[in-house]
Amino acid sequence: MAYLELKNVYKTYGQGADATEVLTDINLSIEEGEFVAIVGFTGSGKTTLVNLINGLLQPTSGEVLFKGEPVKDTSHDRGVIFQNYSLLPWLTVGQNVHMAVREAFPKASKSELQKRVRDFVDMVSLSPAINKRPKELSGGMRQRVAVARALAMNPEMIIMDEPLGALDALTRGNLQDEILNIWSKDKRTALLITNDVDEGIYMADRIIPLRPGPNATLGPEFKIDIERPRDKTALNDNPVYKKTRNAIIEYLMDIGNERKAVVQQEYVLPDLSPKSFVA
Ligand SMILES: Nc1ncnc2c1ncn2[C@@H]1O[C@H](COP(=O)(O)OP(=O)(O)OP(=O)(O)O)[C@@H](O)[C@H]1O
């Protein structure tokens, strides 16, 4: 039995003439302990896919199964790091993380909770800002709080919806390593949604492209046969890395061009002259 399975999943927003079929026939199977990355074009339905897995949305048809059971609601077992960090503005950094930790560990003592909060705030290098409110932080700092908050809840599965997009290269690299540490040390399962092929290759065991929408569906998977832990600097000279990267980029460019050809169809408009306007 797969750990997470999506079977013939379709998702349509709206009804009748207003209906938009965003996701079409999504089939995905992730084993326990795997790290899978989905790379997709902007607007293709990546967040919709995350919300279906997280339980915030239900499929129009098809099934989403987590450990064999249909996903009906959100759960602490599946921790999501969202693209828009959604922090509570009236709470400090520490309080935002504390609230999540208290919910995930209702039986923990006050001092255990406080230690966990401090450890995870420290992990994202925000200890000096622990008493600041979100409005006093930069976008990247807020995103780091969201990473700390999700990971501090110790989810079995870490789901990431373009979590590091707003960060500079150095912070991004450090957080990629922290996420990989937690994933491997605590034997988690991870799903990363990204538009950065290099990030996918560095972090994942498999990369699966999400084709552009509407009616986005998953493309063929690319296995990343590169030993772990991966060395970012050495990766550039690794022939497997180069070959895999080229194959993925070529695939994405081909489907991007296919899409452009459809979008660039010429439409002949009727030759109408405006009627004179009478005030
Ligand atoms: N609640 C909704 N009602 C109607 N349409 C929606 C809704 N949510 C998303 N959509 C549409 O579904 C499509 C996919 O949106 P989604 O946010 O899943 O894409 P995405 O790949 O995450 O986008 P981005 O790369 O911009 O973050 C878009 O065309 C969007 O307008």
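Predicted model: local features only at pLDDT ≥ 70, side-chain atom pairs only at ≥ 80, totals over all residues.
Phe-66 belongs to strand S4. When residues up to four places away in sequence are left out, Phe-66 touches Leu-4, Val-71 and Arg-78. A further reference point is Val-117, which is 51 residues from Phe-66 along the chain; the C-alpha atoms of the two residues are separated by 28 Å.

The strand that holds Phe-66 is part of an open sheet. Four strands make up this sheet, in the order S2-S1-S4-S5, and their pairing is antiparallel. In general, the strands of a sheet pair through backbone hydrogen bonds, in either a parallel or an antiparallel manner. Between strand S4 (residues 61-66) and S5, the antiparallel pairing extends over two bridges. Phe-66 takes part in this pairing, with Glu-69 of S5 as its bridge partner.

Strand S9 (residues 206-210) pairs with two other strands, described here in turn. With strand S3 (residues 35-40), S9 pairs in the parallel sense over five bridges. With strand S10 (residues 222-223), S9 pairs in the antiparallel sense over two bridges.

Helix H1 (residues 46-54) is largely enclosed by the rest of the structure, because seven of its nine residues are buried. The buried residues of H1 are Lys-46, Thr-47, Leu-49, Val-50, Leu-52, Ile-53 and Asn-54. Just after H1, Gly-55 adopts a positive phi of about 100 degrees.

The shell around the ligand receives at least two residues from each of S2 and H1, and H1 gives the most, with three residues. Of the 13 residues around the ligand, those that come nearest are Tyr-13, Thr-42, Lys-46, Thr-47 and Thr-48. Two of these nearest residues, Lys-46 and Thr-47, are also among the buried residues of H1. By residue class, the shell divides into two nonpolar residues, 10 polar residues and one charged residue.

The protein as a whole has 279 residues, of which 36% count as buried. The chain contains eight helices and 10 strands. Along the principal axes, the C-alpha trace spans about 75 × 60 × 40 Å. Among contacts with a separation of 6 or more, 68% join residues 24 or more positions apart. An unreviewed UniProt entry carries the annotation "domain: ABC transporter" for residues 4-237. Over residues 4-237, the chain is 33% helix and 24% strand, and the end C-alpha atoms are 34 Å apart.

Technical notes
Residues numbered from 1 in each chain as written. Buried ≥ 20, exposed ≤ 12 C-beta atoms within 10 Å, placed from the backbone. UniProt positions renumbered as here; feature names shortened; annotations may be inferred. Contact = placed C-beta atoms within 7 Å. Pairing = 2+ DSSP bridges. Near = placed C-beta within 6 Å. Nonpolar A, V, L, I, M, F, W, Y, C, P; charged D, E, K, R; others polar.
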